Amino acid sequence: MCANFGNAGLVAVLLAASLPSPSLCAGEPPAGSRIVVVSPSAGDARIAFVIEAIEFWARVFADLGLEPVLPDADVVVSPVSNRALETYARRISQFAGRPGSFDPHARPSELTAIDADVVVLLSTQKLMPFAWPRPGESRFFVAISAAGDDSAADATITRNVIAHELGHVVGLTHHDEPTALMCLPCETVSRPEGPSTFRPLMPEDESRLLELYSGLR
C-alpha cells in the first residue's frame, strides 16, 4: 500500500482498509470548505509546496472542464499545540498494515476542533505520509513527512508526495504505472519531464474525476 518516491525515503500511503464508502472518500468538499495547513514554522518550504499542489489540482480540474473542489489553504503555525496531531499521525503511520489495539478513528480533540474539511499536518517526524479519511465524513487528515536535505530532487519528491495525497482526497486511488503521480509502487529514479514539477496523471485518473464531478458542473 506504499508508494516509494525515491531516495529521500518519503512514502505515500492510502490506508485502504479504513476507507468509508467510495462516495464518502471521494465526495466534493461542501461550499465554503477549508484546507488548514498546520506547520511548525512559518518558514517551512512545504507550505509553498501545499499551495502549489492545490494549484496543480485546480489546473487539472479546469483542463477537464470541472470546477475545482480544493479551496485555498489557511496556514496555522503551531509549534507547540500540534503535539497531539503529531502523536496521532505517528500512530496512524505505524498502524499501516499492522492492525492492533490502536483505534485510528479515535481522533484527538485538537484535530476535531479544527474547522476544516482537510487538515494537512507538516510533520516534524520521519513518517509514512498518508491521507486518512475521517469515518462517515468527506473529511481528511493528511500528514507529510519531515523535509529531507533541501536538494532540488528532494523538493520535487516532496511536492509530488503532497500532490499524491491530495489526489486521494479528491477521490483517486493507486495504480501500477510507476512514473505517474498516483503510482504504487513508484519508480525511484524518474523525475517529471518538461516544465511541470508534478508527475503526470493517467487517463484513468482523468476518467475517474469526470465520473465523480461531472454532475457538479
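**View 1. Strand 7, an enclosed strand.** Buried means under 20% relative accessible area, exposed over 50%, and partly exposed in between (1.4 Å probe, protein chains only). Strands (E, at least two residues) and helices (H or I, at least four) are DSSP runs, numbered from the N terminus. On one side of strand 7 lie Phe140, Val142 and Ile144, and on the other Phe141 and Ala143. This is a predicted model: local features need pLDDT of at least 70, side-chain atom pairs count only at pLDDT 80 or more, and totals for chains, interfaces and linings use all residues. Residues are numbered from 1 along each chain as its sequence is written, and side-chain values use heavy atoms, with hydrogens and water left out.

**View 2. The partners of strand 7.** Two strands pair if DSSP finds at least two bridges between them. Strand 5 pairs with strand 7 in the parallel sense over 5 bridges, and Val118 stands opposite Phe140. Strand 6 pairs with strand 7 in the antiparallel sense over 4 bridges; here Ala131 has Val142 as its bridge partner.

**View 3. The buried residues of helix 3.** Leu85, Glu86, Tyr88, Ala89, Ile92, Ser93 and Phe95 are the buried residues of helix 3. They pack against strands 3, 5, 6 and 7 and against helix 4, where contact means heavy atoms within 4.5 Å.

**View 4. The disulfide of Cys183 and Cys186.** The sulfur atoms of Cys183 and Cys186 are 1.7 Å apart; a disulfide is a pair of cysteine sulfur atoms within 2.5 Å. The torsion about the S-S bond is about 85°, so the disulfide is right-handed. Cys183 is buried at a relative accessible area of 0%, and Cys186 is buried at 7%.
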